[in-house]
Amino acid sequence: MSLARGLYSAALTLLSPLIWQRVWREHDDQHPRCERLGIIPATPSSTPALESPIWLHAASLGEVVMVASLVEALRRRYPTRPLVMTTMTATGAAQAARLLHSPEGSAVLAPARHHYLPLDFPCTARRFVTRLRPALAILVETELWPNLMAACAREGVPLGVVNGRLSPRAFDRYRKVASVMRESLANVSWLGAKAPEDLERFIALGLPAARGVTVGSLKFELEVSPQVITSGQALQVQFDGRPVWIAASTHEGEDAQILTAHAAVRAQHPDALLLLVPRHPQRFEAVAAQSDTWCQSREETNLRRSHMHAASSLSDPAISVLVGDSLGELLTLYAASDIAFVGGSLVPVGGHNMLEPAALGLPLLSGPSLANFNEIAEVMTEEGALQVVADSEALAVAVAALFADNVMRKQAGEAARQVVARNRGALSGSLAEIAILLPA
């Protein structure tokens, strides 16, 4: 082990009580916590059907959603090759389970399963890789874990990075540990960057220039399933033609601003309905309580998605807010809406993925904090698909105006859909490079 990686591992060990406290909460009943120590069932060398899986790591819910098209393509190209997906978060694990579920009639596909990613200690990384024995490792975006990457190199496992993304802020942070990043990036066999600037930053950190290429963003490869459309339409029936806007992936500090904006919207559109969807499940209860208090102060009603059923009706204009507290339904809630505000942008978070509502043809609204999606936001704004609002007052004005003008609303939504359609191509580029690392 190099000095740089040794110092990194020592720092990780010193921080392990805090790290373990965090991952202790990110848990579900389907997986033992010992997976965080790299303790998974060993891949049996005596069973050819289970040998040498493809390992794909996506950190959380958003990344799992983003790589859905890649997962589907990998399973088509390598139907007899098992697929193992790892995540860091419980919401990512739940989405991965849905994504990896094999539909009826797909017995020809090799097994697919999910594990939690082990903590990046040297021993846990080695244990995980030697037990898994992958034929190929694929990391998503900036999931660059030095000891896991070193373990792959030690076992001769080719390592690819898809949708490589490195913001200026992340680049500055990684430069502080330049030695360990240079060593880690030397273990990368191929990196597909989402933009030329990202590739430049990876090379500046130590990626061999010949191993990187710009392929575009996999986020544009989102395909909305017919089931999502059908579920969204069924929910629209329950809304009974009311104007509906969604505030999705909200963070602490945003919900109050959104509710304030909704009050102003309802002053002009008294039957308007807000779908309020917190980013993190840990906030479901708090946001539902906040929304309920707000509604009661206005003699209105707040409902929770988890308490609804197929026969529920939301046609009563007194029902003002529906809190989206169900996992895995964000696309369905988008599909049932007329306008989408994407959260993490009225507070200094950097924004969240606006391509999901764009693919569904919704006009987009966002706050000014967009560091995570600057390039996409610029294109959307230039094409008339996105309005960036400064505060709750501007948000209310924008929502009310879109409700009042059907033509403007449809034009903005179609512009968003076209941006997504024109920027596809990262999937085919990534698959071509993966095929070199792992021939079918």
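Modeller: Asp198 and Arg201 sit three residues apart in helix α10 (residues 196-205), so about one helical turn separates them. Helices here are DSSP runs of H or I with at least four residues, strands are runs of E with at least two, and both are numbered from the N terminus. The side chains of Asp198 and Arg201 meet in a salt bridge, 3.8 Å from N to O. That term stands for a side-chain nitrogen of Lys or Arg within 4 Å of a carboxyl oxygen of Asp or Glu. Side chains of opposite charge can pair when their charged atoms come close.

Before we go on, a word on the source: this is a predicted model, where local features need pLDDT of at least 70, side-chain atom pairs count only at pLDDT 80 or more, and totals for chains, interfaces and linings use all residues. Residues are numbered from 1 along each chain as its sequence is written, and side-chain values use heavy atoms, with hydrogens and water left out.

Back to Asp198: this residue also forms a salt bridge with Lys194, at 3.4 Å from N to O. Asp198 has a relative accessible area of 2%, so it counts as buried. Buried means under 20% relative accessible area, exposed means over 50%, and partly exposed is in between (1.4 Å probe, protein chains only). Lys194 is buried as well as Asp198. Over the whole structure, a search finds 17 salt bridges.

Another one joins Asp325 and Arg304, whose closest N and O atoms are 2.7 Å apart. Asp325 lies in the loop between β11 (319-323) and α14 (330-335), while Arg304 is in strand β10 (residues 301-304), so this pair ties together parts 21 residues apart in sequence. Both Asp325 and Arg304 are buried.

Arg36, in the loop between α2 and β1 (54-57), is buried because its relative accessible area is 3%. A polar atom of the Arg36 side chain lies 2.9 Å from the backbone oxygen of Met88. Leaving aside neighbours within four places in sequence, Arg36 is in contact (heavy atoms within 4.5 Å) with residues including Trp20, Met88 and Tyr116.

Glu221 is in the loop between β7 (212-214) and α11 (226-239), and counts as buried because its relative accessibility is 7%. The Glu221 side chain reaches the backbone nitrogen of Leu427 at 3.3 Å. Glu221 and Ala426 are 205 residues apart in sequence, yet their C-alpha atoms are 7.2 Å apart in space.

Among contacts between residues at least 6 apart in sequence, 71% join residues at least 24 apart. The C-alpha trace spans about 65 × 45 × 40 Å along its principal axes.

How values were computed:
A polar contact is a pair of N or O atoms within 3.5 Å; within protein, one must be able to donate a hydrogen and the other to accept it, and residues adjacent in sequence count only if both atoms are side-chain atoms.
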